[in-house]
Amino acid sequence: VHGDSSLMSNEVERDAAVVAVEQFGEAREAFWLETAVSFEVLGDFRSAHEAYERALRNSRDANAFLGAARVAMYLERYEEAKRLVDRLLEQDENNGQAWKLLGAIELLLSNNKSAHNAYQRALSALP
């Protein structure tokens, strides 16, 4: 009987450790996302770009993708911005903000027809 309680205790400790690691990961992602937003608001787009990259290492957060794409646009890295929005749309093809941002990127790339199509999708996806 004593062996069973020791085994259960180890399982509880392991489960608690797994939860703690997951919470730490979530806190780290939130930290980098908040840091990126702060740099973006301050107009420090290079620092914001780096912070968004760190936020996206283990995140699939839509706001991280959108923010990273916006900053890439500010830095005139339009193809990178487009790739980021495309990755988000792979996750959620009904994300109206992503379609709207893609429309702006396509305009900057002089892809007028693609921009028009993206804006149409944004209009159908946004409330």
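Student: Start with Ala125: what is its relative accessible area, and how does that class it?
Tutor: Ala125 is partly exposed, at a relative accessible area of 28%. Bear in mind that this is a predicted model.

Student: Which helix is Ala125 in?
Tutor: Ala125 sits in helix H6.

Student: And what does Ala125 touch, not counting residues up to four places away in sequence?
Tutor: With those left out, Ala125 touches Asn94, Asn95 and Gly96.

Student: How far is Ala125 from Ala98, in sequence and in space?
Tutor: Ala125 and Ala98 are separated by 27 residues in sequence, and their C-alpha atoms are 9.7 Å apart.

Student: On to helix packing. At what angle do H3 and H5 pack?
Tutor: Helix H3, residues 62–74, packs against helix H5, residues 96–108, at an angle of about 15 degrees, and the axes are 11 Å apart. That angle is why H3 counts as roughly parallel to H5.

Student: Left-handed or right-handed crossing for H3 and H5?
Tutor: The crossing of H3 and H5 is left-handed. On the H3 side the contact uses Leu66, Ala69, Arg70 and Met73, and on the H5 side Gln97, Ala98, Leu101, Ala104, Ile105 and Leu108.

Student: How does the contact of H3 with H5 split by class?
Tutor: That contact of H3 with H5 has eight nonpolar residues, one polar and one charged.

Student: What about H4 and H5, how do their axes cross?
Tutor: The axes of H4, residues 78–91, and H5 cross at roughly 155 degrees and come within 10 Å. The cut-off for roughly antiparallel is over 145 degrees, so H4 is roughly antiparallel to H5. The crossing of H4 and H5 is left-handed.

Student: Which residues make the contact of H4 and H5?
Tutor: H4 contributes Tyr78, Ala81, Lys82, Val85, Asp86, Leu88 and Leu89. H5 contributes Ala98, Trp99, Leu101, Leu102, Ile105, Glu106 and Leu108. By class, the contact of H4 with H5 has eleven nonpolar residues, no polar ones and three charged.

Student: Glu106, then. Buried or exposed?
Tutor: Glu106 is buried, with a relative accessible area of 5%. Its place is in helix H5.

Student: What is Glu106 in contact with, leaving aside neighbours within four places in sequence?
Tutor: Leaving those aside, Glu106 is in contact with Lys82, Asn111, Ser114 and Ala115.

Student: What is phi of Glu76?
Tutor: Glu76 is not a glycine, yet it has a positive phi of about 60 degrees. Glu76 is found in the loop between H3 and H4, and it is exposed, with a relative accessible area of 59%.

Student: And phi of Ser110?
Tutor: Phi of Ser110 is near 65 degrees, a positive value in a residue other than glycine. Ser110 lies in the loop between H5 and H6. Ser110 is exposed, with a relative accessible area of 58%.

Student: Last one: how many residues are in H2, and how far does it reach?
Tutor: H2, residues 45–56, has twelve residues and reaches 16 Å from its first C-alpha to its last, close to the 16 Å expected at 1.5 Å a residue.

Student: Which residues in H2 are buried?
Tutor: The buried residues in H2 include Ala48, His49, Ala51, Tyr52, Ala55 and Leu56.

Terms used
Residues are numbered from 1 along each chain as its sequence is written. This is a predicted model: local features need pLDDT of at least 70, side-chain atom pairs count only at pLDDT 80 or more; totals for chains, interfaces and linings use all residues. Side-chain values use heavy atoms; hydrogens and water are left out. Axes are lines fitted to C-alpha atoms, for helices over the stretch in contact, and angles run from 0 to 180 degrees between N-to-C directions. Helices (H or I, at least four residues) and strands (E, at least two) are DSSP runs, numbered from the N terminus. Angles under 35 degrees count as roughly parallel, over 145 as roughly antiparallel, 65 to 115 as roughly perpendicular and the rest as oblique. A crossing is left-handed if the near helix is turned anticlockwise from the far one by less than a right angle, and right-handed if clockwise. Contact means heavy atoms within 4.5 Å. Ala, Val, Leu, Ile, Met, Phe, Trp, Tyr, Cys and Pro count as nonpolar, Asp, Glu, Lys and Arg as charged, and the others, Gly among them, as polar. The expected span of a helix is 1.5 Å times one less than its number of residues. Buried means under 20% relative accessible area, exposed over 50%, partly exposed in between (1.4 Å probe, protein chains only).
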